[in-house]
Amino acid sequence: MENKKDIESREDIEKLVTAFYKRVLKDKTIGHFFTEVVKLDFDKHMPVMFDFWESVLLGGRNYSGNPMTPHFKINEKEPLKPIHFERWLQLWKETINDNFKGKKSEEAISRAEQIAGLMKFKIIQA
Ligand code: HEM
(Lines give C-alpha, C1' and ligand atoms only; values in the text may rest on other atoms or scores of the structure.)
Protein backbone atom coordinates (compact mmCIF):
# COMPACT_ATOMS: atom_id res chain seq x y z
CA MET A 1 0.00 0.00 0.00
CA GLU A 2 1.39 3.38 -1.02
CA ASN A 3 2.00 6.00 1.65
CA LYS A 4 -0.93 8.37 1.82
CA LYS A 5 -0.26 12.08 1.62
CA ASP A 6 -2.38 15.15 2.23
CA ILE A 7 -4.46 17.07 -0.32
CA GLU A 8 -2.09 19.76 -1.52
CA SER A 9 -2.65 20.64 -5.16
CA ARG A 10 -5.16 20.94 -7.98
CA GLU A 11 -3.94 17.54 -9.14
CA ASP A 12 -4.85 16.04 -5.76
CA ILE A 13 -8.31 17.64 -5.91
CA GLU A 14 -8.87 16.17 -9.38
CA LYS A 15 -7.80 12.74 -8.18
CA LEU A 16 -10.08 12.94 -5.13
CA VAL A 17 -13.16 14.20 -6.94
CA THR A 18 -12.72 11.72 -9.81
CA ALA A 19 -12.39 8.82 -7.36
CA PHE A 20 -15.45 10.08 -5.46
CA TYR A 21 -17.60 10.22 -8.60
CA LYS A 22 -16.53 6.69 -9.55
CA ARG A 23 -18.13 5.53 -6.29
CA VAL A 24 -21.12 7.85 -6.56
CA LEU A 25 -22.06 6.72 -10.06
CA LYS A 26 -22.29 3.07 -9.13
CA ASP A 27 -24.00 3.71 -5.81
CA LYS A 28 -27.50 2.29 -5.41
CA THR A 29 -28.73 5.06 -3.08
CA ILE A 30 -27.57 8.21 -4.88
CA GLY A 31 -26.11 7.21 -8.28
CA HIS A 32 -29.36 7.75 -10.17
CA PHE A 33 -29.45 11.45 -9.23
CA PHE A 34 -26.39 11.95 -11.43
CA THR A 35 -27.42 9.67 -14.29
CA GLU A 36 -31.22 9.81 -14.42
CA VAL A 37 -32.67 12.66 -12.34
CA VAL A 38 -30.06 14.93 -13.93
CA LYS A 39 -28.46 13.62 -17.10
CA LEU A 40 -25.10 15.17 -16.49
CA ASP A 41 -22.57 16.10 -19.11
CA PHE A 42 -19.52 15.00 -17.14
CA ASP A 43 -17.06 16.80 -19.40
CA LYS A 44 -18.69 19.99 -18.13
CA HIS A 45 -19.59 18.92 -14.61
CA MET A 46 -16.23 17.56 -13.45
CA PRO A 47 -14.22 20.77 -13.98
CA VAL A 48 -16.92 22.67 -12.03
CA MET A 49 -16.50 20.24 -9.14
CA PHE A 50 -12.70 20.54 -9.32
CA ASP A 51 -13.02 24.35 -9.20
CA PHE A 52 -15.48 24.15 -6.30
CA TRP A 53 -13.27 21.96 -4.12
CA GLU A 54 -10.15 23.89 -5.09
CA SER A 55 -11.89 27.05 -3.88
CA VAL A 56 -13.04 25.44 -0.62
CA LEU A 57 -9.74 23.79 0.27
CA LEU A 58 -6.94 25.64 -1.47
CA GLY A 59 -8.36 29.13 -1.94
CA GLY A 60 -8.77 28.77 -5.71
CA ARG A 61 -10.77 31.51 -7.42
CA ASN A 62 -12.31 29.73 -10.41
CA TYR A 63 -15.62 28.61 -8.91
CA SER A 64 -18.27 31.27 -9.20
CA GLY A 65 -21.57 29.42 -8.81
CA ASN A 66 -23.89 28.84 -5.90
CA PRO A 67 -23.69 25.19 -4.86
CA MET A 68 -27.20 25.31 -3.33
CA THR A 69 -29.08 26.19 -6.53
CA PRO A 70 -28.87 22.94 -8.54
CA HIS A 71 -29.87 20.91 -5.49
CA PHE A 72 -33.16 22.80 -5.13
CA LYS A 73 -33.90 21.89 -8.74
CA ILE A 74 -32.96 18.25 -8.18
CA ASN A 75 -35.23 18.21 -5.13
CA GLU A 76 -38.18 19.30 -7.27
CA LYS A 77 -37.61 16.33 -9.58
CA GLU A 78 -36.97 13.78 -6.86
CA PRO A 79 -37.01 14.79 -3.18
CA LEU A 80 -33.61 14.74 -1.49
CA LYS A 81 -33.85 12.97 1.85
CA PRO A 82 -31.52 12.68 4.86
CA ILE A 83 -30.47 9.20 3.72
CA HIS A 84 -29.15 10.68 0.44
CA PHE A 85 -27.03 13.25 2.28
CA GLU A 86 -25.75 10.58 4.67
CA ARG A 87 -24.73 8.36 1.79
CA TRP A 88 -23.10 11.25 -0.12
CA LEU A 89 -21.05 12.08 2.99
CA GLN A 90 -20.15 8.46 3.65
CA LEU A 91 -18.78 8.04 0.11
CA TRP A 92 -16.88 11.34 0.39
CA LYS A 93 -15.28 10.26 3.70
CA GLU A 94 -14.40 6.80 2.40
CA THR A 95 -12.82 8.24 -0.75
CA ILE A 96 -10.71 10.66 1.28
CA ASN A 97 -9.64 8.14 3.88
CA ASP A 98 -8.70 5.57 1.23
CA ASN A 99 -6.52 8.02 -0.70
CA PHE A 100 -5.26 10.80 1.56
CA LYS A 101 -4.43 11.70 5.13
CA GLY A 102 -3.56 14.87 7.01
CA LYS A 103 -4.91 18.28 7.98
CA LYS A 104 -6.43 19.24 4.60
CA SER A 105 -7.99 15.81 4.31
CA GLU A 106 -9.68 16.30 7.66
CA GLU A 107 -10.74 19.76 6.55
CA ALA A 108 -12.22 18.30 3.35
CA ILE A 109 -14.39 16.06 5.51
CA SER A 110 -15.45 18.74 7.98
CA ARG A 111 -16.25 21.28 5.25
CA ALA A 112 -18.36 18.71 3.40
CA GLU A 113 -20.20 17.93 6.64
CA GLN A 114 -20.92 21.64 7.18
CA ILE A 115 -22.11 22.23 3.62
CA ALA A 116 -24.18 19.03 3.53
CA GLY A 117 -25.78 19.98 6.87
CA LEU A 118 -26.69 23.42 5.59
CA MET A 119 -27.91 22.06 2.27
CA LYS A 120 -30.05 19.44 3.97
CA PHE A 121 -31.49 22.06 6.33
CA LYS A 122 -32.29 24.51 3.52
CA ILE A 123 -33.80 21.89 1.24
CA ILE A 124 -35.74 19.83 3.75
CA GLN A 125 -37.13 22.80 5.72
CA ALA A 126 -38.02 24.61 2.50
C1 HEM B 1 -27.94 14.26 -1.38
C2 HEM B 1 -26.69 14.46 -1.76
C3 HEM B 1 -26.33 15.08 -3.09
C4 HEM B 1 -26.74 14.74 -4.36
C5 HEM B 1 -27.66 13.60 -4.76
C6 HEM B 1 -26.12 15.68 -5.27
C7 HEM B 1 -26.28 15.69 -6.64
C8 HEM B 1 -25.79 16.65 -7.50
C9 HEM B 1 -26.07 16.72 -8.91
C10 HEM B 1 -26.93 15.73 -9.70
C11 HEM B 1 -25.46 17.84 -9.39
C12 HEM B 1 -25.50 18.36 -10.83
C13 HEM B 1 -26.63 19.36 -10.96
C14 HEM B 1 -26.72 20.01 -12.32
O15 HEM B 1 -25.68 20.39 -12.90
O16 HEM B 1 -27.85 20.16 -12.82
C17 HEM B 1 -24.76 18.45 -8.29
C18 HEM B 1 -24.02 19.60 -8.38
C19 HEM B 1 -23.20 20.05 -7.38
N20 HEM B 1 -23.08 19.52 -6.12
FE21 HEM B 1 -24.24 18.07 -5.34
N22 HEM B 1 -25.33 16.56 -4.56
C23 HEM B 1 -25.43 16.21 -3.23
C24 HEM B 1 -24.77 16.82 -2.19
C25 HEM B 1 -23.76 17.75 -2.33
C26 HEM B 1 -22.92 18.24 -1.27
C27 HEM B 1 -23.03 17.80 0.20
C28 HEM B 1 -22.05 19.13 -1.82
C29 HEM B 1 -20.95 19.93 -1.20
C30 HEM B 1 -20.35 19.61 -0.08
C31 HEM B 1 -22.37 19.21 -3.24
C32 HEM B 1 -21.73 20.03 -4.14
C33 HEM B 1 -22.13 20.24 -5.45
C34 HEM B 1 -21.61 21.28 -6.31
C35 HEM B 1 -20.51 22.30 -5.98
C36 HEM B 1 -22.28 21.17 -7.53
C37 HEM B 1 -22.08 22.04 -8.77
C38 HEM B 1 -22.84 23.35 -8.59
C39 HEM B 1 -22.70 24.25 -9.80
O40 HEM B 1 -23.00 23.79 -10.92
O41 HEM B 1 -22.26 25.40 -9.61
N42 HEM B 1 -23.40 18.35 -3.50
N43 HEM B 1 -25.00 17.71 -7.14
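Me: How do α1 and α3 lie relative to each other, roughly parallel, roughly antiparallel, roughly perpendicular or oblique?

Reply: This is a predicted model, in which local features need pLDDT of at least 70 and side-chain atom pairs count only at pLDDT 80 or more, while totals for chains, interfaces and linings use all residues. Residues are numbered from 1 along each chain as its sequence is written. Helix α1 (residues 10-25) packs against α3 at an angle of about 125° with the axes 9 Å apart, where helices are DSSP runs (H or I, at least four residues) numbered from the N terminus, and axes are lines fitted to C-alpha atoms over the stretch in contact, with angles from 0 to 180 degrees between N-to-C directions. Because angles under 35 degrees count as roughly parallel, over 145 as roughly antiparallel, 65 to 115 as roughly perpendicular and the rest as oblique, α1 and α3 are oblique.

Me: Which residues of α3 does α1 meet?

Reply: Two residues are in contact if their C-beta atoms, placed from the backbone, lie within 7 Å. On the α1 side the residues are Arg10, Ile13, Glu14 and Val17, and in α3 they meet Met46, Met49, Phe50, Trp53, Glu54 and Leu57.

Me: Is α5 roughly parallel or roughly antiparallel to α6?

Reply: The axes of α5 and α6 come within 10 Å and cross at roughly 170°. That angle makes α5, relative to α6, roughly antiparallel.

Me: How many nonpolar residues has the contact of α5 with α6?

Reply: Ala, Val, Leu, Ile, Met, Phe, Trp, Tyr, Cys and Pro count as nonpolar, Asp, Glu, Lys and Arg as charged, and the others, Gly among them, as polar. In the contact of α5 with α6, one residue is polar and three are charged, and the number of nonpolar residues is 10.

Me: Which element gives the largest share of the shell around the ligand?

Reply: The ligand is surrounded by 21 residues, a residue being near a molecule if its C-beta atom, placed from the backbone, lies within 6 Å of it. The elements that give two or more residues to this shell are α2 (31-37), α3 (42-58), α4 (69-77), α5 (82-99) and α6 (103-125). The largest share, four residues, comes from α6.

Me: What is the mean pLDDT of the protein chain?

Reply: The pLDDT is the predictor's confidence in each residue, from 0 to 100. In the protein chain, 98% of the residues reach 70 or more, and the mean pLDDT is 96.
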